[in-house]
Amino acid sequence: MTIDKRKVVYQIYPKSYKDTTGTGVGDLRGIIEKLPYLKELGIDMIWLNPFYPSPQRDNGYDISDYTAVHPDFGSMADFEEMVAVGQDLGIDFMLDMVLNHCSTEHEWFQKALAGDKYYQDFFILRDQPTDWVSKFGGNAWAPFGDTGKYYLHLFDVTQADLNWRNPHVRKELFKVVNFWKDKGVKGFRFDVINLIGKDEVLEDCPVNDGKPAYTDRPITHDYLRMMNNATFGSETGFMTVGEMSATTIENCILYTAPEREELSMAFNFHHLKVDYKDGQKWTLMDFDFEELKRLFHTWGEEMSVGNGWNALFYNNHDQPRALNRFVDVKNFRTEGATMLAASIHLSRGTPYIYMGEEIGMIDPDFDSMSDYVDVESINAYQMLLEQGHSPEQAFKIIQAKSRDNSRTPMQWDASLNAGFTSGKPWLKPGKSYTTINVENEKTGPIFRFYQDLIRLRKELPIIAEGDYKAAYKDHDKVYAFERVLADEKLLVLNNFFAEEVVLELSDEYARGQVLISNYPTTKLAKKVKLQPYQSLAILVQ
Ligand code: GLC
C-alpha cells in the first residue's frame with residue numbers, strides 16, 4: 001500500500017470550526033458550509049477529531065458509541081452529505097479512531113461493571129495496580145466498581161484501556177473501522193495507537209512514569225498488521241496515520257514502511273518538546289533551536305534511508321500555536337508563519353495544516369483559569385499549585401501550554417464570536433479575532449503562501465518524492481535541508497531568527513533558480529542574505 005505523496009491534510013476540530021445551529025458547538029453542517037473555502041486553499045483530505053457520542057470528559061476522545069454521530073454535531077445523514085459534497089470537490093475525509101480506550105460509559109464497560117465476564121475481558125483488570133502514572137495525572141489504575149480489582153486508564157479515569165490481547169476486542173474494533181470505511185472515508189488517524197500492545201504480565205516501571213512498560217511493545221506491530229489486513233489494507237488511495245506517543249525512529253520505520261503493511265505514516269512529538277524544561281511539559285522555556293534542528297535532521301534522514309514516512313506538523317488540537325512557541329510573533333507574525341510552513345511543506349513526509357494555521361492564528365491570551373475547560377489543563381493547574389507555584393506562576397504556565405490554546409473557535413470574521421456561532425461559544429474565541437480572521441487574511445500573504453506550497457507539492461515530484469539530506473548542519477540560525485530526486489536538487493533554507501543571516505552557496509545553487517520565498521525574490525549569488533524568518537528554496541535541475 002503506497003500513498004499519494006502529493007496530498008496535504010487539513011485538520012478540523014469539529015467542536016470549534018463552524019456552528020450552524022446556535023448551540024455554541026461547531027457541527028458537521030458547518031464543515032459542509034466551509035468546504036469551498038478549503039477547496040480554495042487546495043487541501044486534499046480533512047482529518048476530523050472525534051464527533052461520536054461521548055460524555056465529553058476529554059472532548060470526544062472518550063467514546064461511548066463508536067458508530068454514531070453525537071447529536072451536538074448533527075446526524076448520520078449530515079455525515080453522509082458531508083462526505084458526498086467533499087467527494088464532488090475532490091476533498092476526502094480521515095476519521096479519528098480512538099481504539100486504545102473507550103469511555104467508561106460505553107456499553108462494554110457498563111456490562112463489565114455489571115458483572116458480565118465476557119465484557120470484563122474487554123478491559124485490563126488486575127488485582128493490584130502498578131506504579132504507572134496516567135498521562136493526565138495521578139495513578140493509571142482505578143478501582144473497578146466494588147470488585148476489589150483495578151482497571152487501567154492511561155488517560156482520564158473515564159477512559160478505560162481496551163484489552164487488545166482479547167480477539168473479540170480486536171474483532172469489534174475492526175468492525176468499527178470497516179463501518180466508517182464503508183461510509184466512504186478515505187483515511188484514518190489512529191489515536192495513541194502505539195500504546196495498544198500491553199504485556200501479559202504488567203509490572204512496576206519507575207522509569208519515565210511507566211511509559212517503557214506499554215509504549216511501542218513488539219506486539220503492537222502484529223496488531224497493526226492484523227488491523228491493516230482486516231480493514232483498509234487493500235484499498236487504493238487510502239491514507240492512515242498513527243499518533244505515536246514517546247516513540248522511536250526504529251519503530252516508526254516499522255510502523256510505516258509500506259512492505260510492513262501497518263500504517264502509511266506516523267506522528268511523533270519529539271520536535272514539540274524542545275521547549276520543555278528537563279522534558280517536563282508544565283514548565284516555561286524558550287525553544288532550543290539546536291535540538292529542533294537535530295531532531296528534524298535525524299528523523300528526516302533516518303526515515304528517508306529506512307523507507308519510513310513522517311507526518312509533518314507543528315500544530316494540532318493538543319499543542320499551543322506554533323507561532324507563539326517558535327517565532328517572535330509580535331513583530332514577525334507573517335514572516336514567521338510562512339517560514340514555519342515552508343520548513344515542513346517542502347520537507348519529506350505528508351504535511352498537516354491545523355485549522356487557523358493558514359491564516360496565522362495565535363494563542364487566545366485568556367485572562368483567567370475560568371476561561372479554560374480542558375481536563376488536562378485543569379488537572380495541571382492543581383498539580384502546579386500543589387508543587388508550590390503561586391497562582392500567578394501556575395496560570396502563566398497554563399496560558400503558554402494549555403491544549404485549549406489551539407481549540408478556540410476558528411476565526412472567520414470580526415463579528416461577535418469571530419463569526420463562529422450566534423450563540424454562546426463552548427470556549428471563548430482568542431482576543432486576536434478582530435484582526436486575524438479569514439475575511440481579512442484570505443487575500444493576505446500567509447494564506448497565499450500556503451496555497452503556493454500546496455500547489456508546488458502537486459507540481460514537483462522532488463517535493464513529494466525526493467530524499468531528505470541535512471544541509472548547513474552546524475549553522476546556529478538556519479535550519480536547512482536538501483531534497484534529491486534523480487538529477488534534481490532542491491535546497492530549502494529557513495532562518496529561524498529575527499536577524500539577518502548571510503550564507504555562502506555552492507556554485508550550483510548560486511546558479512540555481514528561486515522556487516519560492518516568503519520575501520520578494522532576490523537574485524542568487526555566491527553569498528545570499530536571508531532576512532528575519534526568511535525561507536528560500538532553490539531548485540537545481
Ligand atoms: C491523543 C489525543 C488527545 C487525547 C488523548 C487520549 O493524544 O490527541 O487529544 O486526549 O489521545 O485519547
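Here, "buried" means under 20% relative accessible area, with over 50% called exposed and anything in between partly exposed (1.4 Å probe, protein chains only). The model is a predicted one: local features need pLDDT of at least 70, side-chain atom pairs count only at pLDDT 80 or more, and totals for chains, interfaces and linings use all residues. Residues are numbered from 1 along each chain as its sequence is written, and side-chain values use heavy atoms, leaving out hydrogens and water.

**Helix α7**

- The buried residues in α7 are Ile-249, Asn-251, Cys-252, Ile-253, Tyr-255 and Thr-256.
- Their cover includes α6 (218-230), β11 (265-267) and α8 (289-306), where contact means heavy atoms within 4.5 Å.
- As for the labels, helices (H or I, at least four residues) and strands (E, at least two) are DSSP runs, numbered from the N terminus.

**Helix pair α10 and α15**

- Helix α10 (residues 329-345) packs against helix α15 (residues 445-459) at an angle of about 10°, and their axes are 9 Å apart.
- Those axes are lines fitted to C-alpha atoms, for helices over the stretch in contact, with angles running from 0 to 180 degrees between N-to-C directions.
- That makes α10 and α15 roughly parallel to each other (under 35 degrees; over 145 is roughly antiparallel, 65 to 115 roughly perpendicular, the rest oblique).
- On the α10 side, the contact is made by Arg-333, Thr-334, Ala-337, Thr-338, Ala-341, Ala-342, Ile-344 and His-345, while α15 brings Pro-445, Ile-446, Phe-449, Tyr-450, Leu-453 and Arg-457.
- Sorted by type, the residues of this α10 and α15 contact are nine nonpolar, three polar and two charged (Ala, Val, Leu, Ile, Met, Phe, Trp, Tyr, Cys and Pro count as nonpolar, Asp, Glu, Lys and Arg as charged, and the others, Gly among them, as polar).

**Glu-243**

- Glu-243 sits in strand β10 (residues 239-243) and counts as buried because its relative accessibility is 7%.
- Its side chain makes a polar contact with the side chain of Arg-189 (3.3 Å); such a contact is a pair of N or O atoms within 3.5 Å, and within protein one must be able to donate a hydrogen and the other to accept it, with residues adjacent in sequence counting only if both atoms are side-chain atoms.
- Not counting residues up to four places away in sequence, Glu-243 touches residues including Phe-190, Ile-193, Phe-267 and Asp-318.

**Ala-140**

- Ala-140 lies in the loop between β5 (125-126) and β6 (141-143), and Ala-140 is buried, with a relative accessible area of 0%.
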